[in-house]
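Trainee: I have just opened this entry and would like to find my way around. Could we go through it together?

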Amino acid sequence: MSLIQSLKPGGKHGLSSKESRDPIGYAVAALNRLAQSDLIDRVGLRKASEQVVFSATRSGFKAATTANRTFAKAGKKGKQGVRAPAATPKGVFDLTPTEDEQMLVDVVTEFAEEVVRPAAAEANETCTAPEALLKAGLEIGLPILGVPESLGGISEERSAMAGTLVAEALAKGDMGLAVAALAPGSVATALGLWGTDAQQQTYLPAFTGDDVPAAALALTEPTVLFDVLSPSTTAEKTADGFVLNGVKTLVPRGAEAELFIIGASLEGEPVLFLVESSTPGITVDGDPAMGVRAASLAKLTLTDVAVPADAVLGATDGTTYLECVRLSRLAWCALAVGTGQAVLDYVTPYVKQREAFGEPIAHRQSVAFMVANIAIELQSMRLLTYKAASRAAAGKDFAREVALARKLCADKGMLIGLDGVQLLGGHGFVKEHPVERWYRDLRAIGVMEGSVLV
Amino acid sequence: MINLDDPRKFRPLTEQAHQVAMNMLRPISRKYDLAEHEYPKELDMLAAMIDGLSESGASEGAGAAGVRRDDKAEDTTVKNGTNLASVMSIAEMCWGDVGLLLSMPRQGLGNSAIASVANDEQSKRFEGVWAGMAITEPDTGSDSASIKTTATLDSDMDCYVLNGEKIFVTSGERADAVVVWATLDRDLGRAAIKSFVVPKGTPGMKVERLEHKLGIRASDTATIIFENCRVPAENLMGSPEVDVKQGFAGAMATFDNTRPLVAAMAVGCAKAALDLVRDLLEQAGIEIDYDRPAITQSAAAAKFLQMEADWEAAHLLMLQAAWMADNREPNSLEASMAKAKAGRVGSDITLSCVELAGSIGYSESELLEKWARDSKILDIFEGTQQIQQLIVARRILGLSSAELK
């Protein structure tokens, strides 16, 4: 009876709940379960174990979060924190970055080429970003990019444009590692944007110091047709704070994070909460996905997690949350542009070297036109992303611009990943070349909400 | 500092163009779609008004002739100049009506050609002349390097003698002149191709017939025959020398300037369809929500978001190409990207808008079906979609036209 129950198809292995099994199907399914049993390994019936490194990550930890930093409370509760002023463009259409932005892009581009790209393949397999790479990211100032100068950061004005350029440059190295490296800075940027004096004084010193904590913005939930603006995670008001319940998925570096920003519904409105990972009631599971694997994606389960009244980040009317969602989508657009550029830069020499029928395949229009379309759509994605970013930096409304950028980056970014693999043929399908990874990474745009922001 | 909003200084210009398009072009849009080959007499008044604006400086030098590049100043400040003003005002006018824009006196593509390659003396001489463009021949479309129309120098008379047949000449009957591409020596290939300004009424030039078309029916499209047609030698644009090394570059430079303009036409036409369909959808109870994921909205709203995203891409690629021209940066690649994207997006948007609006879209009672017909030519003339892709591919891959055919 119990065996039959557990062999009912649907709801797992990618089967629809409409599937039914006939008797032979049940027999095959039972055999398969036996084949998966540890027993046959113990008696030496299986030839070789093919443990992939990540599967250890996958089921290896299911525990309370690992890190337990205590953030010493400081600053004035309820007093508005420091805000970086908006950029003030002169109304001139211009595609030239400022000198500061260009310097930053040059540094990050070099880092992406020399450090990030060479580490990408292994980080994808192990689902972890190398310690040294993350340290180097701290040295170039990634976590404090969006933190106002007076709070120890480097941002003189709203950093959305600079952040976009940096995310693009990093993702040209690798999207997964870019997300891993940018996640703490996203939390710091959010504190700079919306934190009270107390929140900024309590948390930001950790990000501007030497021992920067892992931290992540957790908005995505495991729901079909997920609408980030209506999270199922709930926050209930109590006498001295709030109690959070719910599940968040695809949280970058969730297992090592010491501080989360978690989205939850409070009285029907989506609200951001600052939650320290040491708070009781949080469990973390590995949640590796199709791509962005180097970011050590994890699932957070919150069971009666009690947070103090001042854990609310920003407004409780949904406006802060909405701005956060938009800035996060902007970051994902920038990541898509960077990865799309990586694809274009990779296929260009490849199709010129690869020969078929006695000449480079690039000499054929069907191949060359695919490359042309990658270039055209990539530049389209970039321009839409920059427009949204420059409006965000200038403090203008950018709801429309970021929505259009996200739509285009999701659609065309995926097309670029798809065509990238196609242009390499069978070679695109194997891990000898990075295009299959970019294909998996580019599917994240349009799916991921939160995780990073600019 | 990166800023991709429409240039603030051209806001009055585009608002003005928008009002002209709304109040002058739209009311006669269907009339001249139905009455093909009839001259839109209303346009003379409009042309006079535009000339007036241009005298006053209010038009910022915008228009077909606004694509001229001055390479004087060693000024490093970022410019928003006549190229940007031109694409923006042309997009607005085409939001009104593409066919009528193409029929506007002194706004022909020939004027862009003159502005692009004429020397100072010629620019002055042809100022105020309405010029059409004659490149295509019955056997020669995209491969404009293999045109057969010949130009033979008659040094005694100091003139060139043109012989050949040109088709698809926009405003070929109405314009004051046509810019004709002809070869000085077919054996010397593309380097020998030069363009000539041939004034209307020159003996030996005959408008053979006018085409009946799918769209842009307000604009006349002529077949012109040249039979021992003599044009003064000083009407040859640019240098009369056949520089085999420079090749086709001179004549092709025109396209770097006209392609963003055609992209602007597609952007304007598609915007007309988007604006109307958005309104029709709202009346049907469908609001476009920019913050909710497209997959959680209705299929119509999701389609609209995709179309608007593609439109915005075409719009920004158009602005980028014009901005580069304003700032004296080479923009062949970006001009072709803009035209490729705008051309295909223009068709997708106008055709999808017909589908979304159903019979209202298909019926002549609305203009949606007309825009879906008008937009098609914009993915064809001044270089088809495929030619743009070829240009982009060659540039990106660093391949010659011999390698990537």
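Trainee: How many residues of domain 2 of chain B are in contact with domain 3 of chain B?
Mentor: Keep in mind that this is a predicted model. Chain B is divided into domain 1 (8-124), domain 2 (130-235) and domain 3 (249-397). Domain 3 of chain B brings seven residues to the contact with domain 2. On the side of domain 2 of chain B, the number in contact is seven.

Trainee: How many residues on that side of domain 2 of chain B are nonpolar?
Mentor: The side of domain 2 of chain B that touches domain 3 has no charged residues. Three of its residues are polar, and the nonpolar ones number four.

Trainee: How far apart do the centres of domain 2 and domain 3 of chain B lie?
Mentor: Here we go by the C-alpha centres of the two domains of chain B. Between domain 2 and domain 3, that gives 30 Å.

Trainee: Now to the two chains: which helix of chain B gives the most to the side that touches chain A?
Mentor: The contact takes 41 residues from chain B and 41 residues from chain A. On chain B, α8 (299-326), α9 (332-357) and α12 (385-397) each supply at least two residues. With eleven residues, the one that gives the most is α8(B).

Trainee: And how many residues on the side of chain B that touches chain A are nonpolar?
Mentor: Set aside the ten charged and six polar residues on that side of chain B. The nonpolar ones there come to 25.

Trainee: Why does the radius of gyration of chain B agree with a compact globule?
Mentor: Start from the length: for 405 residues, a compact globule would have a radius of gyration near 22 Å. Chain B agrees with this because its own value is 21 Å.

Trainee: What share of the residues of chain B count as buried?
Mentor: A residue counts as buried if 20 or more other C-beta atoms lie within 10 Å of its own. Of the 405 residues of chain B, the buried share is 52%.

Trainee: Which residue is the bridge partner of A235(A) in β5(A)?
Mentor: β3(A) also pairs with strand β5 (residues 259-266) of chain A, in the parallel sense and over two bridges. In β5(A), the partner of A235(A) is L266(A).

Key. Residues numbered from 1 in each chain as written. Chains lettered and ligands numbered in written order. Predicted model: local features only at pLDDT ≥ 70, side-chain atom pairs only at ≥ 80, totals over all residues. Contact = placed C-beta atoms within 7 Å. Helix = DSSP H or I, 4+ residues; strand = E, 2+ residues; numbered from the N terminus. Nonpolar A, V, L, I, M, F, W, Y, C, P; charged D, E, K, R; others polar. Domains from an automatic or database assignment. Pairing = 2+ DSSP bridges. Rg over C-alpha atoms; globule rule 2.2 N^0.38 Å. Buried ≥ 20, exposed ≤ 12 C-beta atoms within 10 Å, placed from the backbone.
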